[in-house]
Amino acid sequence: MIAYNKIWIRNVEKRAHCNEAFGQGIINDAALKAAFEKYPVGFYTPNFFIALGLLLLTLVVVLFSFGIVLVFFRDAHTSTLGVMGVLTGIACFAVLEKLISSKKYYRAGIDEGLLWGGVALIFFGISLPHNLGGLSNSVLLFLLCVFGLLRYGDRLIGFVMYASAISIIFFLFIRFGPIGKSIIPFAVMLFSLLTYMVADRWFKKGNYNVYNNSLLTMKYTSLLFLYAAGNYFVERELNNSFFNLNLVAEDKIPMGWLFWILTVVIPIIYLLIGIKKKDRSLIWLAIVLLAVVVFTIRFYHAVLSLEAAMTVAGVLLIGIAYFLLQYLKESRNGFTSKELSGKDKQEKHNIEALIISETFSPGQAGNRQDFGGGDFGGGGASGNY
Amino acid sequence: MNTTREHVFDELHSEGLLSEASYQKYREHQSAGLFSVHWELKTLLYLGVILLSGGFGIWVYRNIGSIGHQVILLSLVLVCAGCFFYCIRYGRSFSRNKIESPNTFFDYALLLACLSFITIIGYIQYQFHFFGERYGLATFIPMVVLFISAYYFDHLGVLSLGITNLAAWLGIAVTPIQLLRANDFDNDRIIFTGVFLGIVLMLAAFISVKYKFKKHFEFTYSNFGMHVLFVSVLAGMFHFEDIYLLWFLPCAGVSYFFYRRSLARKSFYIILVTTLYTYVALVYVAVRFVDSFIGTTTAALYAGFLYFIISAVAMVIFLIRMNRKLKAE
């Protein structure tokens with residue numbers, strides 16, 4: 001089903017495990033070499049930065065190719081333009097298939113660009129001329145993404161597929177009137193929990209499965225949506241905007257207390273499970289969601305002034321981190337605050353420096369320019385590096 | 001972790017490709033399962049420093065005139081002095097080479113010290129007009145402190161802050177994102193200042209390596225220098241519309257310089273940045289050409305769109321070749 005060479009995909013993962021072990025000093029040079037010989041990979045996968053450039057350029061090519069078609073059919077009816085969009089999208093897939101089989105592109109930027117461009121062109125080509133409703137749009141996108149995921153195992157497509165599945169649930173339940181509306185969050189949570197368990201089991205069972213990446217994406221996307229469905233802000237504001245409730249600031253929502261509990265408790269549970277299972281991605285998800293908790297609470301209850309909240313949070317964070325740094329100097333229960341792999345240290349420090357300068361950039365020249373505070377960006381991944 | 005999953009090492013071991021010793025090591029590692037939260041804790045520290053200094057910054061401004069405000073200012077001074085004291089007390093003595101920081105916390109104490117120092121200077125200027133109308137001096141002093149701190153304590157983040165401050169002192173905002181977004185480049189002086197700053201930064205990068213004075217600062221200098229130079233010459237092309245072809249020359253020169261540099265450094269990052277900026281320059285020149293020779297007709301539209309496609313494909317081929325070249329060397 002998958003377009004790429006299955007053995008090579010497995011070998012990519014095996015090689016990654018060997019590289020990791022090499023970085024930790026578990027295996028030596030010779031063993032790594034032997035392993036690489038045993039697990040050949042014939043894919044063309046360029047360096048990350050090159051792939052990023054190729055992705056951008058491929059999107060430019062797809063966009064302007066469709067542009068030319070549009071100029072050619074500029075006087076035609078919208079439905080003709082829609083058909084042309086779909087045809088251009090199909091052309092993208094044809095080129096993609098050809099390049100995968102002849103040039104062996106894999107995560108090369110070009111294949112992703114063609115895939116995303118193709119899916120978008122076909123989706124809008126069908127959706128826009130027919131003025132499809134929410135449910136039909138979601139189903140259409142879901143089907144396209146199922147194909148994209150099964151055939152190419154792309155992570156972004158996996159995420160979009162999941163989101164469109166949630167959207168299908170949403171638009172389906174709306175049809176059942178007020179009762180349907182009120183059980184939407186619980187239906188979404190149940191669905192997310194199920195998909196999480198399926199993805200988790202499947203991932204554990206399959207040894208070097210070609211869909212491992214997709215399963216991991218599904219696992220964490222499930223947890224993300226599980227939280228979102230129970231979040232007070234999401235629940236209240238979605239209800240408000242979709243069903244025109246015209247809530248004002250003081251209005252509460254039915255079962256608000258339950259959503260408040262879910263908002264606060266779920267990230268804590270994630271954090272505890274993440275620590276127990278030593279699951280780094282889950283720990284990061286929990287950290288991000290804990291920040292979401294703070295923003296959610298502050299949105300409805302201004303407990304402290306902004307500056308006081310920032311100062312208190314800053315002191316707390318520095319305090320906790322300082323304590324843990326000291327406490328985990330010697331490893332306890334398998335945790336350590338020391339850096340294990342020293343291989344790409346310098347690179348990480350360079351990235352860190354760039355993040356610092358991004359967050360604290362002064363504004364235009366003037367007498368206030370040195371106040372670099374108040375910017376919450378940075379911190380996480382830096383897409384710009 | 002993945003106890004139920006068969007690991008690649010079991011397979012390698014059973015086929016005799018992995019020595020018994022290595023396999024044993026892997027099993028030990030697996031059972032010990034040491035989990036490092038180093039970067040998680042660093043992120044928390046960083047967020048803490050951002051929030052604390054940001055909170056203080058807002059606090060100082062909002063409460064100007066009230067009594068509590070002196071207390072806040074005093075605590076800010078205390079934080080700043082305390083952090084600097086901590087750094088001087090625990091920091092290693094100066095060296096021309098890279099100094100490993102004594103502990104993880106150290107770097108963030110220094111960052112907090114520098115950020116609160118900037119806030120204090122900014123406040124003094126705002127409230128008492130300490131430097132009068134000489135705004136230059138109000139940015140010059142923190143800049144000097146930042147550079148001294150960066151060199152003495154060996155801190156790349158503070159160095160970046162120093163470079164940003166240098167640019168602010170010269171009158172432009174200068175981080176890769178802000179360069180593109182916040183700058184009003186419709187100003188001759190700013191464009192020439194940008195070119196000048198870019199050259200200065202590249203020289204600083206060159207000197208760091210040549211005289212082995214903080215050699216590892218090179219990347220930070222040259223990264224800023226590269227973006228500043230490219231954006232400045234591109235802005236020159238857009239701004240001086242009548243002589244845009246003349247401005248294309250320095251642009252091509254800068255492109256060629258960084259092309260050579262990416263080869264010398266075997267840097268994929270530099271070649272990506274160079275390719276993308278150069279692509280923008282080429283597209284601009286082409287659009288101007290089409291505009292002046294064909295005008296805005298349908299033919300021009302086709303020609304323009306075709307050019308976008310062909311040049312993008314050409315860039316794709318170029319990047320693929322560069323990938324091979326950089327890998328091979």
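Here are some questions and answers on this predicted model.

Local features need pLDDT of at least 70 and side-chain atom pairs count only at pLDDT 80 or more, while totals for chains, interfaces and linings use all residues. Residues are numbered from 1 along each chain as its sequence is written, and chains are lettered from A and ligands numbered from 1 in the order in which they are written.

User: How far apart are the end C-alpha atoms of helix α9 (residues 188-210) of chain B?
Analyst: Helices are DSSP runs of H or I with at least four residues, strands are runs of E with at least two, and both are numbered from the N terminus. The expected span is 1.5 Å times one less than the number of residues. For the 23 residues of α9(B) that should give 33 Å, and the end C-alpha atoms agree, at 33 Å.

User: Which helices of chain B are included in what covers the buried residues of α9(B)?
Analyst: Buried means 20 or more other C-beta atoms within 10 Å of a residue's own, exposed means 12 or fewer, and partly exposed is in between, with C-beta atoms placed from the backbone. Among the buried residues of α9(B) are Ile191(B), Leu197(B), Leu201(B) and Met202(B). Their cover includes α7 (156-170) and α10 (218-239).

User: How is helix α5 (residues 104-128) of chain B oriented relative to α7(B)?
Analyst: Axes are lines fitted to C-alpha atoms, for helices over the stretch in contact, and angles run from 0 to 180 degrees between N-to-C directions. Here the angle is about 20°, with the axes 9 Å apart. Angles under 35 degrees count as roughly parallel, over 145 as roughly antiparallel, 65 to 115 as roughly perpendicular and the rest as oblique. So α5(B) and α7(B) are roughly parallel.

User: Is Leu216(A) buried, exposed or partly exposed?
Analyst: Leu216(A) sits in helix α9 (residues 212-230) of chain A. Around this residue, 16 other C-beta atoms lie within 10 Å, so Leu216(A) is partly exposed.

User: How many residues of domain 3 of chain B are in contact with domain 2 of chain B?
Analyst: Domain bounds come from an automatic or database domain assignment, which gives domain 2 as 173-239 and domain 3 as 262-329. Contact means C-beta atoms, placed from the backbone, within 7 Å. Four residues of domain 2 of chain B meet domain 3 of chain B, where the number of residues in contact is six.

User: What share of the 385 residues of chain A counts as buried?
Analyst: Chain A has 14 helices and one strand. Of its 385 residues, the buried share is 34%.

Terms used: Contact = placed C-beta atoms within 7 Å.
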